[in-house]
Amino acid sequence: MKQLAKTLYSKLLHLFHQVMVITISRNPNSKETNVVDEESLKDQTIQLSKQIPLPDRVNKDEQNLLLNYQYSAKPRQFKKASLFPDSKTNVAALSLVLYGVAEVLSQKMNLSWKSQVNNIFSYEKEAKTGKGKIFYYVTDNPETPQPETLAEEAALVVIDQFDPRACAIHLIYCALVASLDKPWSGNFVIDDKQLFEYTGLIKRRDLCKHEKLSILYDLLRQPAQVLACIASPKQGKVGAFTVADLKIWDVSIIRDFETDKAGNNKLVGLKVIGQAGVWTKYFLNKSKNHYQTGIITKKTVQKLFSIGKQNAGAARMLVWLTFQIQPEFQDCVMGKTLMEIAYGADKVSTAEQDRQLRRQMADDLETDLKVVKEAGWQAELETGPAWLTSSTSAKRPIGYWNQILNSRWRFHLPAEVQERLTLDSNQLSANNIQPVSGNVIREARKAKGWSRAFFATTMEKSVSWVDAVETGTRQVSQKDLPKLLNTLELHLNRY
């Protein structure tokens, strides 16, 4: 009798639980992704237990165990990994292809756009070596598998809507894709909480969550609205290739809505699922010669997102600095070049004949350089008058415009980047590295899903060399050790 009562009671509770799940999930006022209110369900289950008492012979401990079974082992919540593990920096894909996307988003019509024979609007960018070209286009339907490249009239509308803050989103995508072992086949996922942190929106107390998410939704699409066709001729041992797949970023944005008491839909959450285009096989593949990454800072991303249209010149300078200033960069930048980067060559040329415009641009340069400094970049005046870097507001001398154009500037990487490079350099220094065992190398290779042949190609070695190293019959030379550790990313772990 006791066993029968327990069985009937268990079945009644299970049936009630199923009915409540179905009822709650059909509630029209719930979110798009329905979540059962566990506390409410528990309360109602307890109420049911009072209406259907167990026989006195059923032990009270057994009753409590039955009621609390489903709620005593809730899944543990794990904190998601941060895009900036050290809270300051991360590695990001910073190839020429991606720089062009950032240029389109920030420079907009300052670039040399042209209508092709078929009336498609495009911006042509040459490779640094003068060999190879990249053609950029824009689209208004990036979500489709084959987005349409727009003609001049429609393209101008899209380009005009581009926001410099989208460059911050673009850099986040660049960092996310660089973390993938095989970026040409893997996806990256990021949610609104992470985006609030990375962009600094979490600090905006003047905006409600719906407003923050609405801002993000528009900006998250913009990097994916820039398309590119890449044509590279044969260069030495590197064969010619063409990337006809126009997508740089393939992004799907999943939004969650909630209906308020007035019947209005409010955006309460979003998630981005992204994948990089075919370009990664050539520009983010460690076995290819075009592979290029760099380091971005959280401070730069947040500053880019915060300044937006208010200081478009500063945003353009930050984009240029992030993609162009490398540790080995020693060249000075002419003041005229800096002005053209920030405000466009046409505007600089027009200012030659417009006194008021010259005064305004000089003021803007002074303000924008301060913004760049706040982002961590240091500008050193190599040659030029001292008033250009003076902190006091003084009347500019006669001929100040030519002094600005003829000045020479040297930019230094942010301190966070230099610290990261120093740390990595110390870790990769042959004098500070202990020999790595063959087992560690083999396991690291397998963890990446690489065959011995692929790893050999990446290291520019033979398969027999890989076999000898992994079996321990041969030690990796001091010359090859830094490259091996970097390729297998063993310098990031304790081995």
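Where is the place of T297? T297 lies in strand β10, which spans residues 293–297. The legends below describe close-up views of a predicted model.

**Figure 1. The chain as a whole.** This predicted model holds a chain of 495 residues, of which 44% are buried. Its secondary structure comes to 20 helices and 13 strands. Of the contacts in the chain with a separation of 6 or more, 71% are between residues 24 or more positions apart.

Figure 2. T297 has a relative accessible area of 2%, so T297 is buried. Leaving aside neighbours within four places in sequence, the residues in contact with T297 are F84, K88, T89, A375, P414, E416 and V417.

**Figure 3. Helix α6 against helix α10.** Helix α6 covers residues 166–178, and its axis and that of α10 are 7 Å apart. The two helices pack at an angle of about 155 degrees. This angle makes α6 roughly antiparallel to α10, because angles over 145 degrees count as roughly antiparallel. On the side of α6, the residues that meet α10 are C167, A168, I169, L171 and I172. On the side of α10, V301, L304 and F305 take part. The residues of this contact divide into eight nonpolar, no polar and no charged.

Figure 4. N311 is found in the loop between α10 (298–307) and α11 (312–324). Is N311 buried or exposed? With a relative accessible area of 17%, N311 is buried, because buried means under 20%. Not counting residues up to four places away in sequence, N311 touches T367, D368 and V371.

**Figure 5. Q324 in helix α11.** Q324 is a residue of helix α11. The relative accessibility of Q324 is 22%, so this residue counts as partly exposed. The view also takes in S95, which is 229 residues from Q324 along the chain. The C-alpha atoms of Q324 and S95 are separated by 9.6 Å.

Figure 6. S87 is in the loop between α3 (60–68) and β1 (89–93). The phi of S87 is near 70 degrees, a positive value in a residue other than glycine. S87 is partly exposed, with a relative accessible area of 47%. K108 is in the loop between α4 (96–107) and β2 (113–115). The phi of K108 is near 55 degrees, again a positive value in a residue other than glycine. K108 has 18% relative accessibility and so counts as buried.

**Figure 7. Helix α18 against helix α19.** How far apart are the axes of α18 and α19, and at what angle do these helices pack? Helix α18 (residues 452–459) and helix α19 (residues 463–470) have axes 8 Å apart and pack at an angle of about 105 degrees. That angle makes α18 roughly perpendicular to α19, because the range for roughly perpendicular is 65 to 115 degrees. From α18, the contact uses R452, A453, F455, A456 and M459. From α19, the contact uses V463, W465, V466, D467 and E470. These residues divide into seven nonpolar, no polar and three charged.

**Figure 8. S464 in helix α19.** S464 is placed in helix α19. At 52% relative accessibility, S464 counts as exposed. The side chain of S464 makes a polar contact with the side chain of S462, at 2.9 Å. A453 is 11 residues from S464 in sequence, and the distance from C-alpha to C-alpha is 9.3 Å.

**Figure 9. The buried residues of helix α20.** Helix α20 runs over residues 481–488, and its buried residues include L481, L484, L485, T487 and L488. What arc do they cover around the axis? The arc is only 165 degrees, which puts these residues on the same side of α20. Just after α20 comes E489, which takes a positive phi of about 55 degrees.

Conventions
Residues are numbered from 1 along each chain as its sequence is written. This is a predicted model: local features need pLDDT of at least 70, side-chain atom pairs count only at pLDDT 80 or more; totals for chains, interfaces and linings use all residues. Side-chain values use heavy atoms; hydrogens and water are left out. Axes are lines fitted to C-alpha atoms, for helices over the stretch in contact, and angles run from 0 to 180 degrees between N-to-C directions. Helices (H or I, at least four residues) and strands (E, at least two) are DSSP runs, numbered from the N terminus. Angles under 35 degrees count as roughly parallel, over 145 as roughly antiparallel, 65 to 115 as roughly perpendicular and the rest as oblique. Contact means heavy atoms within 4.5 Å. Ala, Val, Leu, Ile, Met, Phe, Trp, Tyr, Cys and Pro count as nonpolar, Asp, Glu, Lys and Arg as charged, and the others, Gly among them, as polar. Buried means under 20% relative accessible area, exposed over 50%, partly exposed in between (1.4 Å probe, protein chains only). A polar contact is a pair of N or O atoms within 3.5 Å; within protein, one must be able to donate a hydrogen and the other to accept it, and residues adjacent in sequence count only if both atoms are side-chain atoms. The arc is that of the directions from the helix axis to the C-beta atoms.
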